[in-house]
Amino acid sequence: MTGLKETEPVTAAATRLEAPPAMDVARRVASVVAAAGVCLTLDDRHILQDIELEVPAGGTVALLGANGAGKSTLLKVLATLLRPSAGRLRLFGGDVGPHAAKLRSRIGLISHQPMLYRDLSVLENLVFFGRLYGVPGPRERAEALLEHVGMAHRADDAVKTLSRGLTQRAAIARALMHDPDLLLADEPFDGLDAGSAAALEALLTRLRAGGKTLILSNHDIRQALALTDRTVVLRRGRVVLDRPSRELTPDAVLKEIVGP
Amino acid sequence: MTGPLGQIALLAAKDLRVEARSRQTLGLVTVTGILVIVVLGLGLGTQGQSPGVGATAILWVAYLFSGVLCFEKTMAMERHDGALAGLLAAPIDRGVIFASKLLTNLALMLVMSVVITLVAVVLFRFDLSAAPGGFAAVTLLSMIGFATVGTLFAAVTSSSRLQGGLLAVLVFPICLPLVITSTQLLTGMFRDGLALDSPGVGILASFDAVYLVVSWLAFERVLEP
């Protein structure tokens, strides 16, 4: 234990992480996400309707909307966890259908759930997911990432012993293990205290500055506008607003979220 | 990236490591199995029996109830904290997740069946000396089929609100051919002194093969994030 506090911001001393050799940034293509007329129907309910979304490499998009608007579902579709009922989804220039498993190696997913095994240590979790993604030197990569997110001192602790804030940091490290080109964050601030939220915000800002493509679903409109360069609002499964974040005010976004 | 076999081994090793840490599944299913054996053994008075119809049926009841618990617990581990979504988001085939979960369930079920059988031998003097190899072979073949069906339907019911009760309702009838065939085989071997019956073994092996293929193919559809 090094004495770092849970609410301490992500260490500024953490240096830029070297991507594993196999994860070359040259893989990036002009359009990371290209959704055309994407629909999703589950049990006769139209969850997503005619979604048009194009995200360039390095773009950061805030996905906003009321509960049940379809944000999480759209992120699951983009993560290839759910298959669209209609429309065309291309990721990194390729159709998702036949190449879903391959494309997943370039996507990182963060959710309000940590997607970690609570009985394993943080390091064991990261090494496991690193091996699953074929990351070379998974242990070294995991240790570097834990340093990066300010969690090196808790590397050997079981996930179940961590607070919500630390668990979320561990989850972010997991999502970054394979140095994904596209990071999908589904309400990652959910349930975090102020200190942990600030730490996460700093981390996302640094990822954005590092050129990661980020799609962030969030309930805090002001925070989402600050963290992204584009805002998309969903209402009842449809895109009702798609504009640069700097042109929007929280009130204007709220009006679109609530609707007429 | 490691191949499918390496991925299956990686996932199964992770499952067993989690089980070694939490000790939730094996302890529970073994205690459940022992309780069933004791209650039914005392109730039906099977002291000193060879594994004929009565004794084999008692063992099967214990296997079935313990097995359903085992399948539920190992799948629940994946649902906890959204770990399953983490696996589904990884660049692996969903059949790999099925195969690894089957291996885990099979390993736990085999340990459980050894313990339960030993308890039956010690407490109720089930006499397996006539054909211990045949008993092991029939049990192993039956366990493969049972674990295959259980793993598939545990994935189905884990995304359902009904969960526990539904899994037993689905798995028990489907496994009826396994129970009937293995009971007949063991009765033939131990009570009637017959050799291990080839058609019966063929039925068990066919059941295993069919459900292995079907489950591998179906897992892609039934596993929801």
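**Confidence, core and domains**

Modeller: Chain A has a mean pLDDT of 86, with 89% of its residues at 70 or more; pLDDT is the predictor's confidence in each residue, from 0 to 100. This is a predicted model, in which local features need pLDDT of at least 70, side-chain atom pairs count only at pLDDT 80 or more, and totals for chains, interfaces and linings use all residues. Residues are numbered from 1 along each chain as its sequence is written, while chains are lettered from A and ligands numbered from 1 in the order in which they are written.

Biologist: Which residues touch the most other members of the largest nonpolar core?

Modeller: A:Ala173 and A:Leu184 do, in a core of 150 residues. Such a core is a set of buried Ala, Val, Leu, Ile, Met, Phe, Trp, Tyr and Cys residues joined through C-beta atoms within 7 Å. Helix H3 (residues 53-79) of chain B gives the largest share, 13 residues.

Biologist: Why does this core lie between domain 1 and domain 2 of chain A?

Modeller: Because domain 1 (28-106 + 180-260) and domain 2 (113-179) both give residues to this core, it lies between them. The bounds come from an automatic or database domain assignment. Taken over C-alpha atoms, the centres of the two domains are 24 Å apart.

Conventions:
Buried ≥ 20, exposed ≤ 12 C-beta atoms within 10 Å, placed from the backbone. Helix = DSSP H or I, 4+ residues; strand = E, 2+ residues; numbered from the N terminus.
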